[in-house]
Amino acid sequence: AQAAQKAAEEAVKKAQAAQKKAETALAKSQFQAKKAVISKAVSKKKKTAIVTWKKVKGAQGYVVQYGTKSNFKKAKKVTLKKSGATKTTIKGLKSKKKYYFRVRAYKKIDGKNVYTPYSAKLSVKIK
């Protein structure tokens, strides 16, 4: 009787673990299905750019990637850990150069960061 009860408890634990795993996978795929949308990138001051994007529901933060190459080789990233952030100022850029920007959102699911796909890229010539 004890062995049967132990087996039943283990089966319940396995079922709960499987359900949690399925819920995590569902939450992950639902978040990854969302898309970050970059609104604009402007350079009003020397060596700076202001990047603006639309909020992604459920996001805990955003990653802005930028570089001088359109394929984002050797690009830099800025991570914003605010869910309500919709713009950031990037300083230290080179004047009279064209920079490309793109954004993605992230959310922590089951202890790991899950990212949306990157937005389309926008370019701006830095003052």
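Q: In which loop does Lys74 lie?
A: This is a predicted model. In it, Lys74 lies in the loop between strand 3 and strand 4 (76-80).

Q: Is Lys74 buried or exposed?
A: Lys74 counts as exposed, because its relative accessibility is 80% and the cut-off for exposed is over 50%.

Q: Where is Lys47 found, and what is its phi?
A: Lys47 is found in the loop between strand 1 and strand 2. Its phi is near 60 degrees, again a positive value in a residue other than glycine. With 47% relative accessibility, Lys47 counts as partly exposed.

Q: Where is Ser43, and which backbone atoms does its side chain reach?
A: Ser43 is placed in the loop between strand 1 and strand 2. Its side chain reaches the backbone oxygen of Thr48 at 2.9 Å and the backbone nitrogen of Lys127 at 3.0 Å.

Q: Is Ser43 buried or exposed, and which residues does it touch?
A: Ser43 counts as buried, at 10% relative accessibility. Not counting residues up to four places away in sequence, Ser43 touches Thr48, Ala49, Val124, Lys125, Ile126 and Lys127.

Q: How do I read the pairing of strands, and which strands form an open sheet?
A: Strands of a sheet pair through backbone hydrogen bonds, either parallel or antiparallel. Here three strands form an open sheet in the order 1-2-5, and the pairing is antiparallel.

Q: Which strands stand at the edges of that sheet?
A: Strand 1 (38-42) and strand 5 (87-91) stand there. Each has a single partner strand, so one side of each is left without a neighbour in the sheet. From one strand to the next, the twist averages 15 degrees.

Q: How many bridges join strand 2 to strand 5?
A: Five bridges join strand 2 (residues 48-53) to strand 5, and the two run antiparallel. To find the place in the model, look for Ala49, which stands opposite Ile90 in strand 5.

Q: With which strands does strand 3 pair?
A: Strand 3 pairs with strand 6 in the antiparallel sense over seven bridges. Val64 stands opposite Val103 in strand 6. Strand 3 also pairs with strand 4, in the antiparallel sense over five bridges. There Val63 stands opposite Thr79 in strand 4.

Q: How many residues of strand 3 are buried, and which way do they point?
A: Seven of the seven residues in strand 3 are buried. Gly61, Val63, Gln65 and Gly67 point one way from the strand, while Tyr62, Val64 and Tyr66 point the other way.

Q: What should I look for in a nonpolar core, and how many residues has the largest one?
A: In soluble globular proteins, nonpolar side chains tend to be buried together. The largest nonpolar core here has 24 residues. Val51, Trp53, Tyr62, Leu93 and Phe101 have the most contacts inside this core.

Q: Which elements give two or more residues to this core?
A: They are strand 1, strand 2, strand 3 (61-67) and strand 6. Strand 6 gives the most to this core, with five residues.

Q: Where is Ala36, and is it buried or exposed?
A: Ala36 is in the loop between helix 1 and strand 1. Ala36 counts as buried, because its relative accessibility is 3% and the cut-off for buried is under 20%.

Q: Which residues is Ala36 in contact with, leaving aside its neighbours within four places in sequence?
A: They are Val56, Val103, Arg104, Ala105, Thr116, Pro117 and Ser119. As for Phe101, its C-alpha atom is separated from that of Ala36 by 12 Å, and the two residues are 65 residues apart along the chain.

Q: How do I read a salt bridge, and how many does a search of the whole structure find?
A: Side chains of opposite charge can pair when their charged atoms come close. A search of the whole structure finds one salt bridge. Asp110 forms it with Lys20, and the closest N and O atoms are 3.7 Å apart.

Q: Which parts of the chain does this pair link?
A: The pair links distant parts, 90 residues apart. Asp110 is in the loop between strand 6 (98-109) and strand 7 (112-115), and Lys20 is in helix 1 (residues 2-32). Asp110 is exposed, with a relative accessible area of 54%, whereas Lys20 is partly exposed, with a relative accessible area of 49%.

Note on methods
Residues are numbered from 1 along each chain as its sequence is written. This is a predicted model: local features need pLDDT of at least 70, side-chain atom pairs count only at pLDDT 80 or more; totals for chains, interfaces and linings use all residues. Side-chain values use heavy atoms; hydrogens and water are left out. A salt bridge is a side-chain nitrogen of Lys or Arg within 4 Å of a carboxyl oxygen of Asp or Glu. Helices (H or I, at least four residues) and strands (E, at least two) are DSSP runs, numbered from the N terminus. Buried means under 20% relative accessible area, exposed over 50%, partly exposed in between (1.4 Å probe, protein chains only). Two strands pair if DSSP finds at least two bridges between them. Axes are lines fitted to C-alpha atoms, for helices over the stretch in contact, and angles run from 0 to 180 degrees between N-to-C directions. A nonpolar core is a set of buried Ala, Val, Leu, Ile, Met, Phe, Trp, Tyr and Cys residues joined through side-chain atoms within 4.5 Å. Contact means heavy atoms within 4.5 Å. A polar contact is a pair of N or O atoms within 3.5 Å; within protein, one must be able to donate a hydrogen and the other to accept it, and residues adjacent in sequence count only if both atoms are side-chain atoms.
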